[in-house]
Amino acid sequence: MSTLLNPPQREAIHYLDGPLLVLAGAGSGKTRVITFKIAHLIREGGISARNIAAITFTNKAAREMMERAAKLLSSEEIRGLTVSTFHSLGMQILRQEAPHLGYKPQFSILDAYDAGKIISDILKSTAKDEVRRVQSQISLWKNDFKTPDQVLLDAGNEWESVCARTYLSYQATLAAYQAVDFDDLIRLPVELFERFPEVLGKWQNKLRYLLLDEYQDTNTCQYRLVKLLTGVRGMFTAVGDDDQSIYAWRGANMENLRLLQQDFPKLKIIKLEQNYRSTVRILRAANSVIANNPKLFEKQLWSELGLGEPIHVVQCKDEEHEAETVVQRLLAHKFECRTDFKDYAILYRGNYQARIFEQALRTHKVPYQMAGGQSFFDKPEIKDVLSYMRLVTNPDDDPAFIRALTTPKRGVGAVTLEKLGAWAGQRQVSLFAAAHETGFQSQVQAAQLEPLTQFCAFIDALKMRALREGAGTLILEMLGAIGYEAWLYDSEDSPRAAENKWKNVLELAAWLTRKGDEDNKNLIELTQTIALITMLEGRDEGEVDAVKMSTLHASKGLEYPHVFLVGCEEGILPHSESVDNGMVEEERRLMYVGITRAQRSLTLSYCVKRKRAGEWQFVDPSRFISEIGEGDLRHFGRPGAEPLVSKQEGKSRLANLSALLDAKKRD
């Protein structure tokens, strides 16, 4: 096993004498280190799999880690191993310990959309941008482990006061609903461990060794959770790269890397600097760009994969010309090198840049795949309808109950809902069951109780019919009964947005009808089918031969043979807001992430002018291009540089075409 590792990797795997920080540069084999260390802990370290937790940030990364660990260990050895995201671990802790905090074990977890609706109600505003800003601020406060009372005291202006008051009401509503949001899945376990030392002791005994992936992305709350779980022993391995910290905007705190040295004075640091992904030129470019940032830890990536091609820097007239040029260069490169479409990625700073490249790819009939595209079943209007279907299938589904009851609103007030939540928590039953209990009903006046009783009767009637009637027809009738189409037109920003959402709902009804007929399934069986589809959607069903389109943030952790990094201009990369807010260092790390996605070739493109708010503006190339050594660059399209297609390239393409035609003639 050890023969597959380089000396620093081997040292990191074998080190068990205390806390360890592995500084893993891009492409340096960090997942290998984590999975091999799991095997070493179990086989040589005398630690049972059930006492080890490997924690990462995405379900995909957790799944990959578990699959790779399973190849190294027998099913007996790996039994009980925890490989999960921070949020999954938090949920596991809360499900077992919820009563300590006044929650029932089957508490509800609200997604961002449902949480946004509560905030919208508190603000008495339907302005999506305002709701989003307040929601984002509350999330940042939770990630920093700040309570509503704290932020109310610290509020420095009117906007912060509004956010703080909203936070206070929002938390009270969540508690009344017996619900938590995504950030609470980390915040509440921290609160639990700080308030109940005996519970902390139980979990410290259970999770005796932690392996932490992408450590530079942890926020204050996550670091606090790690510190509590590892205790004074500090039996953990944290793997991270300060040069790839690109999530400050959602609460990630790079200071956590520095704090590790303070909080764990015996911390050992091992650097992984050999890159197994990219050519020397690509790494030299990455190193020279990131060298302009102040360094927490000195690190120089190196590679044995050869010098490689110079990095192409392409100047384009405007964004249409840029999209056309990138697609043509991609096709020419594919033709010359006999590659597949899946070998290429087009990376950009923001999603808004993608549209024009999608148009160019479609024009040239190039298949492409968007990274992180929204699933049909994740669209808010589809989740609205699914909440009714879920509630009919399982009346104890509290998140479905809350969403269905409030979409559209049917006159059940916040006070009634809070009383219902409190009664359900006290009785340890679902909200739907609590609504039927006379003890709860006696607390609410008849006028307030009536709309709630009507809603429950409506769901009960649907449940009876769901077993014997066609799903599609039943859903359409239900949508008519609740006035969903009219509600969409009342609540959306524009009639067109409402129309598009209604079309999606009709598409769902048509799918339910078709699927029900084909598979002979009723509404309840189809709801279970959809739950499974949603769970499996994140899985890779074999790679599609298509160009990958992705934001720089979403590309982190991935690699592609040939990368086009587009829109390398001042105002885009670095983003103008980041420049204004003094966040250029984070933008430089984003550029570094983009460069280090490339294995064999990298093209950077920028425009001379770009339309902004309907006006043409002349723009400058990104400062990050000038930070790369000229010896590793080859310029195209600008005065004095090579034309977009040089004579040499033209001859090479002609020769390739002739060879291909000759081969076909011989066939």
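Helices (H or I, at least four residues) and strands (E, at least two) are DSSP runs, numbered from the N terminus. This is a predicted model: local features need pLDDT of at least 70, side-chain atom pairs count only at pLDDT 80 or more, and totals for chains, interfaces and linings use all residues. Residues are numbered from 1 along each chain as its sequence is written, and side-chain values use heavy atoms, with hydrogens and water left out.

**Cis peptide bonds and positive phi**

P408 sits in the loop between α18 (398-406) and α19 (414-427). The peptide bond from T407 to P408 is cis, with omega near -15°. A cis bond also joins L573 and P574, with omega of about 10°. P574 belongs to the loop between β15 (560-565) and α28 (576-580).

E214 is not a glycine, yet has a positive phi of about 50°. E214 lies in the loop between β6 and α12. K365, also not a glycine, has a positive phi of about 55°. Its loop runs between α16 (354-363) and β13 (368-370). As background, most residues other than glycine have a negative phi, and most peptide bonds are trans.

**Accessibility**

Buried means under 20% relative accessible area, exposed over 50%, and partly exposed in between (1.4 Å probe, protein chains only).

| Residue | Relative accessible area | Class |
|---|---|---|
| G25 | 5% | buried |
| G29 | 24% | partly exposed |
| E214 | 15% | buried |
| K365 | 72% | exposed |
| M549 | 0% | buried |

**The sheet and its helices**

Two strands pair if DSSP finds at least two bridges between them. Here 6 strands form an open sheet, in the order β3-β2-β6-β7-β1-β8, with parallel pairing. β3 (82-85) and β8 (268-272) stand at the edges with a single partner strand each, so one side of each has no neighbour in the sheet. Axes are lines fitted to C-alpha atoms, for helices over the stretch in contact, and angles run from 0 to 180 degrees between N-to-C directions. Direction ignored, neighbouring strands of this sheet are turned by 15° against each other on average.

Strand β2 (residues 52-56) and β3 run parallel, joined by 4 bridges. T56 stands opposite T85 in β3. Helix α3 (residues 59-72) packs on the sheet and touches β2 and β3, its direction making about 165° with that of β3. Contact means heavy atoms within 4.5 Å. Helix α2 (residues 30-43) lies across β1 (20-24), β2, β6 (209-212), β7 (236-240) and β8, running at about 170° to β6.

**The annotated site**

An unreviewed UniProt entry lists A24, G25, A26, G27, S28, G29, K30, T31 and R277 under "binding site". These residues span 254 residues in sequence, yet no two of their C-alpha atoms are more than 13.6 Å apart, so they gather at one spot. UniProt positions are in the numbering used here, feature names are shortened, and annotations may be inferred rather than shown by experiment.

G25 is in the loop between β1 and α2. G29 is in the loop between β1 and α2 as well. Not counting residues up to four places away in sequence, G25 touches D241, Q244, L272, K299 and L301.

**Helix pair α10 and α12**

Helix α10 (residues 184-195) packs with helix α12 (residues 220-230) at about 40°, their axes 9 Å apart. Residues in the contact include F193 of α10 and L225 of α12.

**Around M549**

M549 is in strand β14 (residues 547-551). The C-alpha atoms of M549 and E358 are 8.6 Å apart, although 191 residues separate them along the chain. Leaving aside neighbours within four places in sequence, the contacts of M549 include I346, Y348, F357 and M370.
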